[in-house]
Amino acid sequence: MSDEESAEPHHGTGHRARLRARLLGGGAEALADHEVIEYLLMLAIPRKDVKPLAKSLLARFGSLAGVLNADAKALALHPGMGETSAAALKIVALGARRLARAELSEAPVLASWQTLIDYLTIDMAHLTHERVRVLYLDTRNRLILDHLESEGALDEAAIHPRNVVKRALDVGAAALILVHNHPSGSPEPSRADIQITNRIAEAGRLLGIVVHDHVIVGRHGHTSLRAKGLV
């Protein structure tokens with residue numbers, strides 16, 4: 001039985017009030033990672049000490065981002081959790097993605113590079129499988145479409161250069177940025193990453209579509225192929 005199903009009266013109102021005061025009165029570092037998770041769980045399990053549960057989630061998933069980006073089913077089945085508690089954590093990850101996407105849409109992407117990296121990191125860095133996306137941009141480098149191209153390894157079996165460029169023409173894009181993640185954590189490009197990027201860039205040149213960059217995201221950072229001189 002989950003904690004949310006078996007919650008009993010808990011006299012921790014003083015502790016909860018102190019957490020709330022620190023949250024509302026402090027800055028970004030007002031709460032430790034386990035306290036952020038604890039506060040979210042308090043909303044789902046209001047009458048039980050959830051600090052041990054918060055610490056067990058951190059121990060299992062490795063970090064605050066790892067917990068918030070964990071599979072919903074895995075969270076719900078974690079001892080002491082349940083669907084309500086899992087939803088309380090997942091809504092934060094969803095809100096963070098929406099906020100980052102909104103900020104990205106407000107200015108030219110190339111002039112808001114850190115905002116782009118923040119958005120991609122939130123959305124992809126902790127995935128356990130590869131995801132390939134294409135960001136299509138207009139003539140002012142504003143985001144037109146954030147397209148999920150494929151789930152799986154980045155190769156020509158998963159992503160076809162002609163299809164990528166054709167979609168750019170279909171949506172009226174003048175440029176694009178390729179994005180994918182490395183579940184291993186390291187963002188260093190493979191030979192296949194470089195080859196497929198060059199094929200897409202060549203296909204784009206023939207039709208006037210600029211490939212600005214290929215960004216690889218991992219838990220340990222990100223890599224820009226353009227910054228490495230590979231695009």
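**Ground rules.** I'm working from a predicted model, where local features need pLDDT of at least 70 and side-chain atom pairs count only at pLDDT 80 or more, while totals for chains, interfaces and linings use all residues. I number residues from 1 along each chain as its sequence is written, and side-chain values use heavy atoms, with hydrogens and water left out.

**Overview.** I looked up the fold and found nine helices and five strands; helices (H or I, at least four residues) and strands (E, at least two) are DSSP runs, numbered from the N terminus. Read along the sequence, I get α-α-α-α-α-α-α-β-β-α-β-α-β-β. The C-alpha atoms fill a box of roughly 70 × 35 × 30 Å along the principal axes. Of the 231 residues, 44% are buried, meaning under 20% relative accessible area, with exposed being over 50% and partly exposed in between (1.4 Å probe, protein chains only). I also checked contacts (heavy atoms within 4.5 Å). Among those with a separation of 6 or more, 61% join residues 24 or more positions apart.

**α1 and α2.** I went to helix α1 (residues 13–25) and helix α2 (residues 33–44), which pack at about 115° with axes 11 Å apart. Axes here are lines fitted to C-alpha atoms, for helices over the stretch in contact, and angles run from 0 to 180 degrees between N-to-C directions. Their crossing is left-handed, which means the near helix is turned anticlockwise from the far one by less than a right angle; clockwise would be right-handed. Leu19 and Leu23 are among the α1 residues that meet α2, where Tyr39 and Met42 are included in the contact.

**α7.** Helix α7 (residues 113–124) has twelve residues and reaches 16 Å from first C-alpha to last, close to the 16 Å expected; the expected span is 1.5 Å times one less than the number of residues. I noted Leu116, Ile117, Tyr119, Leu120, Asp123 and Met124 as buried. They fall within an arc of 160° seen down the axis, so they line one face of α7; the arc is that of the directions from the helix axis to the C-beta atoms. Their cover includes α6 (83–105), β1 (131–137), β2 (143–151), β3, β4 and β5 (221–224).

**α9.** At 1.5 Å a residue, the 16 residues of α9 (residues 191–206) should span 22 Å, and I find the end C-alpha atoms 23 Å apart, which agrees. Which of its residues are buried? Asp193, Ile196, Thr197, Ile200, Ala201, Ala203 and Gly204 are. They cover an arc of only 160° around the axis, which puts them on the same side of α9. On the other side, Arg191, Arg205 and Leu206 are exposed. The buried residues pack against α8 (161–171), β3 (175–181) and β4 (210–218). Just after α9, Gly208 takes a positive phi of about 75°.

**α8 on α9.** These two pack at about 45°, axes 9 Å apart, in a right-handed crossing. Pro161, Val164 and Val165 of α8 make the contact with Ile196, Arg199, Ile200, Ala203 and Gly204 of α9.

**His212.** My last stop sits in strand β4. Is His212 buried or exposed? His212 is buried, at 17% relative accessible area. Beyond its neighbours within four places in sequence, His212 touches Leu110, Leu137, Asn141, Ala175, Leu176, Ile177, Arg226 and Val231.
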